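Take a moment with the chain before reading on. The paragraphs below walk through it place by place.

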Amino acid sequence: METLKVALLGAGNVGAQVARILLEDADVLAARVGARLELTGIAVRDVDAPRTVELPRELLSTDATAVLAGADLVVELMGGIEPARTLILDALAAGATVVTGNKALLAEHGPELYAAAEEAGVQLAYEAAVAGAIPIIRPVRDNLAGDNITKVLGIVNGTTNYILDAMDATGASFADALADAQRLGYAEADPTADVEGLDAAAKATILASLAFHTSFDPAHVSCEGITAITAQDVAAAREAGYVIKLLAICEAVPADPDAPDGDRGVAVRVHPTLLSREHALASVRGAYNAVYIEAEYAGSLMFYGAGAGGVPTASAVLGDIVSSARRRVLGGPGVTESVAASITPVGLDAVVTSYAIGLRVADASGVLAAIAAVFADHGVSIETMRQSTHADGGGDEAGDAELRIVTHRALDTALRRTVEAVGQLDVVHEVTSILRVEGA
């Protein structure tokens, strides 16, 4: 039986599990591939560092270039931009098949890597880059290739989903829920990439490129994290029948809002979002991920599963290894990216959505009428309005009231201008929150 040499770059939580499975399940994998997969080297920063899996020391090396030499298949799980980018390009140029889970690299340099793979006639696979164990890359790229995807809604970051779910279930503050996530290992010591939405934005870039056959980069993604979400926001959402989720959203919209029948554009955004508790994504709990797709012919589809963790993510990596190695054994070029559509990336101004707005207002007559008049002047209609009076007046003789408004759908730019105008009213003491509503 033919033998394919496999080089592994990185032996963290996922990399160590991939190495373990390659070694322990060698016979099973050989039967599925039609060739033996020989793990010939593992590039690491420190050969003596503690690992979740005990690996043969003779396979470990700090010389990544030496590990790559002669490899038929390279698995990159080291993360970051450099040296991962250079090492992958070198591997592709040498004719090696490459499997990666590096979402940040693909978001920033995907077109360059895809082009290098196509030129070399080899496969670049990255199922693990978006949603851990969930099979989403191949279904979008291959199974839905003949359909027209119109919208993608994704819970693609387990850390933020755990935090928001804990806030919803227990009434905890953001700070307390984050501390709990860190204690349990769901959040890093520095959670910035997760809680500010940057991780989800990288994944949204990849999903948008696949779903709409157009090259996108992180500059095209409007990104907002969850650090401003309060326990009061979560409680108000629950009372109104909503749940708050950090969503990555990619959707087809008119490129020109003033010409809705004109060319199509695609808006890519990441932000905390109110979802009806009846929506399929509302039931995604803890650190799990899910991707909800709306397509012209297939209708609504949902993919759900573990979005992180060494063993679950290793499953996605091994799937790519087996399928890519099998393709190499049988011959033929790798699957290339389809970017022929060249759809225009557009910003939030082209998005039609609803707002849920929190206002701290004077508890006095005429306040609701003044606010409603501003909405009417801007052509934005109110769907629901709830008012509650604070027990103490906060130093104001008339006291304060909390007002929660949900609008009907309108262009995001019109909604933003309406909120800005409302915030300038003397009777409005503070705009306490603004959340978009989806899937209603």
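Thr-313 lies in helix H13. Helices here are DSSP runs of H or I with at least four residues, strands are runs of E with at least two, and both are numbered from the N terminus. Is Thr-313 buried or exposed? Its relative accessible area is 10%, so Thr-313 is buried. Buried means under 20% relative accessible area, exposed means over 50%, and partly exposed is in between (1.4 Å probe, protein chains only). Setting aside neighbours within four places in sequence, Thr-313 is in contact with Val-14, Ala-128, Gly-132, Ala-133 and Ala-308. Contact means heavy atoms within 4.5 Å.

A word on the source. This is a predicted model, in which local features need pLDDT of at least 70 and side-chain atom pairs count only at pLDDT 80 or more, while totals for chains, interfaces and linings use all residues. Residues are numbered from 1 along each chain as its sequence is written, and side-chain values use heavy atoms, with hydrogens and water left out.

Stay with helix H13. Ser-323 is also placed in H13. Ser-323 has 31% relative accessibility, so it counts as partly exposed. Now compare sequence with space. Ser-323 and Arg-32 are 291 residues apart in sequence, yet their C-alpha atoms are 8.9 Å apart in space.

Arg-32 belongs to helix H2, and H2 meets H13. Two packed helices are described by the angle between their axes and the distance between the axes. The axes of H2 (residues 26–33) and H13 (residues 310–330) come within 9 Å and cross at roughly 45°. Axes are lines fitted to C-alpha atoms, for helices over the stretch in contact, and angles run from 0 to 180 degrees between N-to-C directions. H2 and H13 are therefore oblique to each other. Under 35 degrees counts as roughly parallel, over 145 as roughly antiparallel, 65 to 115 as roughly perpendicular, and the rest as oblique. The crossing of H2 and H13 is right-handed. That means the near helix is turned clockwise from the far one by less than a right angle.

Which residues make the contact between H2 and H13? Leu-29, Arg-32 and Val-33 come from H2, and Leu-318, Val-322, Ala-325, Arg-326 and Val-329 come from H13. By class, this contact of H2 with H13 has 6 nonpolar, no polar and 2 charged residues. (Ala, Val, Leu, Ile, Met, Phe, Trp, Tyr, Cys and Pro count as nonpolar, Asp, Glu, Lys and Arg as charged, and the others, Gly among them, as polar.)

Next, the cores. A nonpolar core is a set of buried Ala, Val, Leu, Ile, Met, Phe, Trp, Tyr and Cys residues joined through side-chain atoms within 4.5 Å. The largest one has 81 residues, and Val-74, Ile-136, Ile-149, Ile-163 and Ile-293 have the most contacts inside it. Helix H11 (residues 198–212) gives the most to this core, with 9 residues. A second, separate core has 34 residues, including Val-14, Val-44, Leu-59 and Leu-60. Return to Val-74. Not counting residues up to four places away in sequence, Val-74 touches Ala-7, Leu-9, Leu-68, Ala-91, Ala-96, Thr-97, Val-98 and Val-99.

Look at what comes before and after H4. Pro-83 lies in the loop between S4 and H4. A cis peptide bond joins Glu-82 and Pro-83, with omega about 10°. H4 is followed by Gly-95, whose phi is positive, near 90°.

Helix H5 holds Glu-108. Its relative accessible area is 47%, so Glu-108 is partly exposed. Glu-108 touches Ile-81 and Pro-218, not counting residues up to four places away in sequence.

Finish at helix H12 (residues 231–239), where Ala-231 is found. Ala-231 is partly exposed because its relative accessible area is 25%. Leaving out residues up to four places away in sequence, Ala-231 touches Met-167, Gly-171, Ala-172 and Ser-173.
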